[in-house]
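Take a look at the model below. We will start from one side chain and then widen the view to the whole chain.

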Amino acid sequence: TVLHASHPTPSSSSVTAAEAVLSLASSPSHNLVLLSGGASSLCCSPLLPLPSYSAAVAALVKSRHPIQSINAVRVVLDSFKGGGLARAILEAGGSVETLAVSDVVDDDVRFIGSGPTCLE
């Protein structure tokens, strides 16, 4: 299955992509997650209305703040980020392994794609 979503500002296709990924993660199996930069926009489960979330992300991107700062805000506003995917997998009785291609300084996994598989 190929899913298309928007970047750098998330859209309804980004929500649909996150729902599809979470559906796959709902079985008690081993999950290999291939993670790269851009994942923050491509999969999202916003905790506020999508138009508000998208506007906040667009404003952050336009501000030209470092990606670590932008993704730190995304983690607070989005249940998929900040270990959300890993929590869903573990709650289903599965396990998770992540292979990440970094686009962030110092390769901090918490900020690659906003760390969907990074439990702190």
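With which side chain does the side chain of Asn 71 make a polar contact? The partner is the side chain of Arg 74, at 2.7 Å. Keep in mind that this is a predicted model.

Now place the residue. Asn 71 sits in helix 4, which covers residues 67-77. Is Asn 71 buried or exposed? Its relative accessible area is 2%. Buried means under 20%, so Asn 71 counts as buried. Leave aside residues up to four places away in sequence, and Asn 71 touches Ser 40, Phe 111, Gly 113 and Ser 114.

Next, the whole chain. The protein chain has 5 helices and 2 strands. Read from the N terminus, the order is α-β-α-α-α-α-β.

How does the chain pack? Take contacts between residues at least 6 apart in sequence: 77% of them join residues at least 24 apart. Of the 120 residues, 34% count as buried. A compact globule with 120 residues would have a radius of gyration near 14 Å; the chain has 13 Å, so the two agree. Along the principal axes, the C-alpha atoms fill a box of roughly 40 × 30 × 25 Å.

Finally, the surface and the charges. The protein chain exposes about 6,500 Å², and carbon and sulfur atoms supply 60% of that area. There are 6 positive and 9 negative side chains. The centres of these two sets lie 11 Å apart.

Methods:
Residues are numbered from 1 along each chain as its sequence is written. This is a predicted model: local features need pLDDT of at least 70, side-chain atom pairs count only at pLDDT 80 or more; totals for chains, interfaces and linings use all residues. Side-chain values use heavy atoms; hydrogens and water are left out. Helices (H or I, at least four residues) and strands (E, at least two) are DSSP runs, numbered from the N terminus. Buried means under 20% relative accessible area, exposed over 50%, partly exposed in between (1.4 Å probe, protein chains only). A polar contact is a pair of N or O atoms within 3.5 Å; within protein, one must be able to donate a hydrogen and the other to accept it, and residues adjacent in sequence count only if both atoms are side-chain atoms. Contact means heavy atoms within 4.5 Å. The radius of gyration is taken over C-alpha atoms; the globule rule is 2.2 Å times the number of residues to the power 0.38. Accessible areas come from the Shrake-Rupley method with a 1.4 Å probe; for residues, only the protein chains shown count as cover. Lys and Arg count as positive and Asp and Glu as negative; His and the chain ends are not counted. The place of a charge is taken as NZ of Lys, CZ of Arg, CG of Asp or CD of Glu.
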